[in-house]
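Please look over the sequence and the model below before reading on. The paragraphs that follow go from the overall fold to its details.

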Amino acid sequence: MSQFPGAENADQVPPPPPAAPPTAPGMLAIPDRPAAWPSVVGIICIVFGALGVIGGMWGIGSNVMMMLGTMPVQTMGAGPAGPELLPLIKSMMPFIVAGEALKFLLGIALIVVGWLMHARRPMARPAAVWWSLAKIFATIAGTAYAGWMQYVIMMEVTRMMAEDPNAPPQMQGVMTGVMVATIAMTVIWSLAWGCALPAFLLIWFSRAKVKAEVGRWASRQHGRIS
């Protein structure tokens, strides 16, 4: 028996103290937050797509009614057309209806693109790019045809005024200048308005940061987190 209590445990080494947490400052891990732009841009696309669908439906309906004679034929904002212009304008209406139908289809496609972005689907980027290219092409073609149609109508109106003995000569020059300025402003506005959103989408989805974000959507769909 030992003379001092606890002497039998004197040869045992005490356990080391627990390791202290590091006291030197370092980088803190910040979890990645989902980007907010897919919902914002997606909702914008859905809204403009819905407006395109409504505008296309109205354009189809109104032009069909003018073709059927149930609605007065309009001369591009100049009011109802006279009997001299009716055959000319009615001959152009099938192409106008086709353009409005294309606007309707592009509106539906834009709604789908917006939903793909809002749902963060990888198909959103190629869908937006192809829609933008189709929209720019349709805008240029439709604006060119509308400008040509207005020019033909303007020349016909000018011819009728020249043949009217009661029309003052000064009025012919003034009307021609006003019509040319109106056509030019309409063409410029149509191109700017029609190409604004598709040009924005093409620039937006060409950014490296946006491409990386879309790539993460594909990883999440396959069960990976990058």
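How many helices and how many strands does the protein have? This predicted model contains five helices and zero strands. Read from the N terminus, the order of elements is therefore simply α-α-α-α-α. Of the 226 residues in the protein, 27% are buried.

Helix H1 covers residues 37–68, which is 32 residues. From its first C-alpha to its last, H1 reaches 46 Å, close to the 46 Å expected at 1.5 Å a residue. Gly69 follows H1 and has a positive phi, near 85 degrees.

Most residues other than glycine have a negative phi. Is Arg120 buried or exposed, or does it fall in between? Its relative accessibility is 22%, so Arg120 counts as partly exposed; the cut-off for buried is under 20%.

In soluble globular proteins, nonpolar side chains tend to be buried together. Here the largest nonpolar core has 20 residues, and those with the most contacts inside it are Trp37, Met117, Trp131, Leu201 and Phe205. At least two residues of this core come from each of H1, H2, H3, H4 and helix H5 (208–221). H2 gives the largest share, five residues. A second, separate core has 13 residues, including Met92, Ile96, Val157 and Met179.

What does Trp131 touch, leaving out residues up to four places away in sequence? Its partners are Leu106, Ala109, Leu110, Val113, Leu197, Pro198 and Leu201. Leu201 is also among the residues with the most contacts inside the largest core, as is Trp131 itself.

The last topic is empty space. Rolling a probe the size of a water molecule over the atoms shows where such space is left. The largest pocket has a volume of about 1,500 Å³. It is lined by 47 residues, of which Gly99, Glu100, Lys103, Lys135 and Ser190 are the closest to its centre. Two or more lining residues come from each of H1, helix H2 (86–118), helix H3 (124–163) and helix H4 (169–204). Which classes of residue make up the lining? There are 27 nonpolar, 17 polar and three charged residues.

Definitions and conventions: Residues are numbered from 1 along each chain as its sequence is written. This is a predicted model: local features need pLDDT of at least 70, side-chain atom pairs count only at pLDDT 80 or more; totals for chains, interfaces and linings use all residues. Side-chain values use heavy atoms; hydrogens and water are left out. Helices (H or I, at least four residues) and strands (E, at least two) are DSSP runs, numbered from the N terminus. The expected span of a helix is 1.5 Å times one less than its number of residues. On a 1 Å grid over the protein atoms alone, a cavity is a set of points where a 1.4 Å probe fits but cannot get out, and a pocket is an open set with protein on both sides within 12 Å along at least five of seven lines; lining residues have an atom within 4 Å of a point. Grid points are joined across faces, edges and corners, and a volume is the space filled by probe spheres set on the points. Ala, Val, Leu, Ile, Met, Phe, Trp, Tyr, Cys and Pro count as nonpolar, Asp, Glu, Lys and Arg as charged, and the others, Gly among them, as polar. Buried means under 20% relative accessible area, exposed over 50%, partly exposed in between (1.4 Å probe, protein chains only). A nonpolar core is a set of buried Ala, Val, Leu, Ile, Met, Phe, Trp, Tyr and Cys residues joined through side-chain atoms within 4.5 Å. Contact means heavy atoms within 4.5 Å.
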